[in-house]
Amino acid sequence: MAFEGLSNRLQSVFSKLRTKGKLTEEDVTAALREVRLALLEADVNFKVVKEFVAKVKERAIGQEVMKSFTPGMVVIDIVNKELTALMGGTNSKLARSNKPPTVIMMVGLQGAGKTTSSGKLSKLLTKEGRRPLLVACDIYRPAAIKQLQVLGEQLKVPVFAMGDQVSPVEIAKAGLKHAEDHGHDYVIIDTAGRLHIDETLMQELRDIHAAIEPDEVLLVVDSMTGQDAVNVAENFHQQLSLTGVVLTKLDGDTRGGAALSVKAVTGCPIKFAAMGEKLDALEPFHPERMASRILG
Ligand code: GDP
């Protein structure tokens, strides 16, 4: 299960705190040292851990906590609140343009779950009574267009494609026009990914961005890749001004580092979490629920 190691470690630190009556400053410092190690082991960014522990410590060593009858519980509550804040505080909603259609550009490395997440997102929108259009701009990966078409058929969401001989910029523009002409209120553009970030990929994404001026640029990142996911997010953000992140594969045994670092490092909120291969396994990301899940 995701976050298992981190969850277990934090719970054991907290069970010791909970049973203590009075807490000394040394008790808190010792507990936070363990929290720090647990976070580092979960692959949370080093700087993020440092700042997090400093913040918790500052609040936990205050007079109020020490005077409380249940100081352990108060410290746990502080960790919970800071963990929630770290992941963005509250759920960050998907944009909705005043002038429909709302255009969502999905970007990310190959294999992160971009195409699947595009399909899942269209399903979420359909459930809310929206009329999304999926646009197939990944002309390089063999079968990417077909994959999106199959998803569209399963979900009963139309897919706009022009084959793999037309440039992605042209496909994106034509897809947007098609959406306007056919009364779609959301357009989800599935772009190409590469195995690594490279200048050709970025230039193409910048060109699509300039041509369609999306309301959302969502980076799809694989949470299993930990620190790498955060580096990828930083890089994409510098080049494309992301508006949000979709964190995938949270159903796997991810250590949690990406979920806990990506917002703090890039400033981009995690908007959705994907927790499985099934088409309904995408949910709006709720930092407070994720914190509770980690703390058990
Ligand atoms: P793309 O190259 O970024 O478009 O990636 P795909 O959408 O094709 O996904 C790559 C693989 O990851 C596929 O086998 C998906 O079924 C799988 N996948 C995507 N999201 C999730 C997820 O949240 N959980 C799990 N377990 N698998 C996922």
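Author: A residue is near a molecule if one of its heavy atoms lies within 4 Å of it. This is a predicted model.

Reader: How many residues surround the ligand?

Author: The closest are Gly111, Lys114, Thr116, Asp251 and Glu277. By class, the shell has 4 nonpolar, 7 polar and 6 charged residues. The number surrounding the ligand is 17.

Reader: Which helix gives the most to the shell around the ligand?

Author: The helix in question spans residues 114–127. Its share of the shell is 4 residues. The name is helix α6.

Reader: How far is a polar side-chain atom of Thr116 from an oxygen atom of the ligand, and what part of the ligand does the protein bury?

Author: A polar contact needs N or O atoms within 3.5 Å. Arg141 places a polar side-chain atom 3.3 Å from a ligand oxygen, and a backbone N or O atom of Gly113 lies 2.9 Å from one. For Thr116, the side-chain distance is 2.3 Å. Alone, the ligand exposes 590 Å², and the share buried by the protein is 81%.

Reader: Why is strand β4 largely enclosed by the rest of the structure?

Author: In a regular strand, side chains alternate between the two faces of the sheet. Both faces of β4 are covered: Tyr186, Ile188 and Asp190 are buried on one side, Val187 and Ile189 on the other. Strand β4 is largely enclosed because its buried residues number 5 of the 5.

Reader: Which residue of β4 stands opposite Leu134?

Author: Strand β2 (residues 132–136) runs parallel to β4, joined by 5 bridges. Strand β1 (residues 102–107) is also parallel to β4, with 5 bridges; there, Thr102 partners Tyr186. Opposite Leu134 stands Ile188.

How values were computed
Residues are numbered from 1 along each chain as its sequence is written. This is a predicted model: local features need pLDDT of at least 70, side-chain atom pairs count only at pLDDT 80 or more; totals for chains, interfaces and linings use all residues. Side-chain values use heavy atoms; hydrogens and water are left out. A polar contact is a pair of N or O atoms within 3.5 Å; within protein, one must be able to donate a hydrogen and the other to accept it, and residues adjacent in sequence count only if both atoms are side-chain atoms. Accessible areas come from the Shrake-Rupley method with a 1.4 Å probe; for residues, only the protein chains shown count as cover. Helices (H or I, at least four residues) and strands (E, at least two) are DSSP runs, numbered from the N terminus. Ala, Val, Leu, Ile, Met, Phe, Trp, Tyr, Cys and Pro count as nonpolar, Asp, Glu, Lys and Arg as charged, and the others, Gly among them, as polar. Buried means under 20% relative accessible area, exposed over 50%, partly exposed in between (1.4 Å probe, protein chains only). Two strands pair if DSSP finds at least two bridges between them.
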